[in-house]
Amino acid sequence: MTEPRVQPDPAFALLGLYETALPEVYGYLLSRCGDRTVAEELTSETFLGAVAACRKEYAPPVSTGWLIGVARHKLADHWRRKEREERGLRLVHDSEPDVEDPWDEQLDALRARQVLESLGAHHRAALTLRYVDGLGVPEVAGHLGRSVHATEALLVRARAAFRRAYEEKEGRDA
């Protein structure tokens with residue numbers, strides 16, 4: 001009976017190439033992204049991706065040029081991810097109306113907390129999520145199970161109810 005032969009890990013081919021390829025891969029990424037931290041992260045992702053690719057059944061031959069190709073894909077993924085994040089931030093920013101609230105008075109924190117507790121649960125939830133937790137309107141809508149437009153209307157009503165109750169309490173406390 002023949003003993004099965006242990007096959008060496010194909011990723012070991014990268015070890016011999018690592019020291020010479022590392023500066024090449026890092027330099028390629030740094031010259032394109034201009035940020036050392038990002039270049040370091042992408043270099044790390046490149047070598048991790050290369051290890052995974054080497055372990056596949058039909059792995060390509062390992063070379064510095066091939067690693068540069070892997071790095072190119074990691075950089076493109078980074079740019080796509082960054083664009084998605086920026087697009088999401090633009091959508092959130094653009095969805096919030098640029099309305100100046102004329103109520104510039106300083107709020108008394110204790111009075112504000114008491115007023116907030118006196119409001120109905122739907123107003124309290126909307127105001128707390130939006131202004132205490134700092135969530136955007138779309139996120140508040142998601143938590144409340146409402147549409148963005150319904151949440152905007154709820155926030156308008158909740159702010160008005162809060163203002164009325166706050167001013168009434170201020171008149172009673174004075």
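Tutor: Two residues are in contact if they have heavy atoms within 4.5 Å of each other. In this predicted model, H78 is in contact with V38 and L42, leaving aside its neighbours within four places in sequence.

Student: Where is H78 found, and why is it called buried?

Tutor: H78 is found in helix 3, residues 64-95. Its relative accessible area is 16%, and a residue counts as buried under 20%; H78 is therefore buried.

Student: T46 is found in helix 2, residues 36-54. What makes T46 count as buried?

Tutor: The relative accessibility of T46 is 0%. The limit for a buried residue is under 20%, so T46 counts as buried.

Student: Which residues does T46 touch, not counting those up to four places away in sequence?

Tutor: T46 touches V25, L29, L67, V70, A71 and K74. A further distance concerns T46 and G69, which are 23 residues apart in sequence, with their C-alpha atoms 9.2 Å apart in space.

Student: What is the handedness of the crossing of helix 1 and helix 2, and which residues make the contact?

Tutor: The crossing is right-handed. Helix 1 contributes L14, Y18, A21, L22, V25, Y26, L29, L30 and C33 to the contact. Helix 2 contributes R36, V38, A39, E40, L42, T43, T46, F47, A50, V51 and C54. By class, the contact of helix 1 with helix 2 has 16 nonpolar, two polar and two charged residues.

Student: The buried residues of helix 4 (residues 109-118) are R111, A112, V115 and L116. How do you know that they lie on the same side of helix 4?

Tutor: They cover an arc of only 135° around the axis, which puts them on the same side of helix 4. An α-helix has 3.6 residues a turn, so residues three or four places apart point the same way. On the other side of helix 4, the exposed residues are A109, L110, R113, E117 and S118.

Student: In helix 6 (residues 137-144), V137, V140 and A141 are buried. What puts these residues on the same side of helix 6?

Tutor: The arc that they cover around the axis is only 100°, which places them on the same side of helix 6. G142 and H143 are exposed on the other side of helix 6. After helix 6 comes G145, whose phi is positive, near 70°.

Student: The axes of helix 5 (residues 121-132) and helix 6 come within 9 Å and cross at roughly 140°. What makes helix 5 oblique to helix 6?

Tutor: The crossing angle is roughly 140°, whereas roughly antiparallel requires over 145 degrees and roughly perpendicular 65 to 115. Roughly parallel requires under 35, so helix 5 is oblique to helix 6. Helix 5 passes helix 6 in a right-handed crossing.

Student: Which residues of helix 5 and helix 6 meet?

Tutor: A125, A126, L129 and R130 in helix 5 meet V137, V140, H143 and L144 in helix 6. By class, this contact has six nonpolar, one polar and one charged residues.

Conventions
Residues numbered from 1 in each chain as written. Predicted model: local features only at pLDDT ≥ 70, side-chain atom pairs only at ≥ 80, totals over all residues. Heavy atoms only, no water. Buried < 20%, exposed > 50% of the residue type's maximum accessible area, 1.4 Å probe, protein only. Helix = DSSP H or I, 4+ residues; strand = E, 2+ residues; numbered from the N terminus. Arc of directions from axis to C-beta. Axes fitted to C-alpha atoms, helices over the stretch in contact; angles between N-to-C directions. Left-handed = near helix turned anticlockwise from the far one by under 90°. Nonpolar A, V, L, I, M, F, W, Y, C, P; charged D, E, K, R; others polar.
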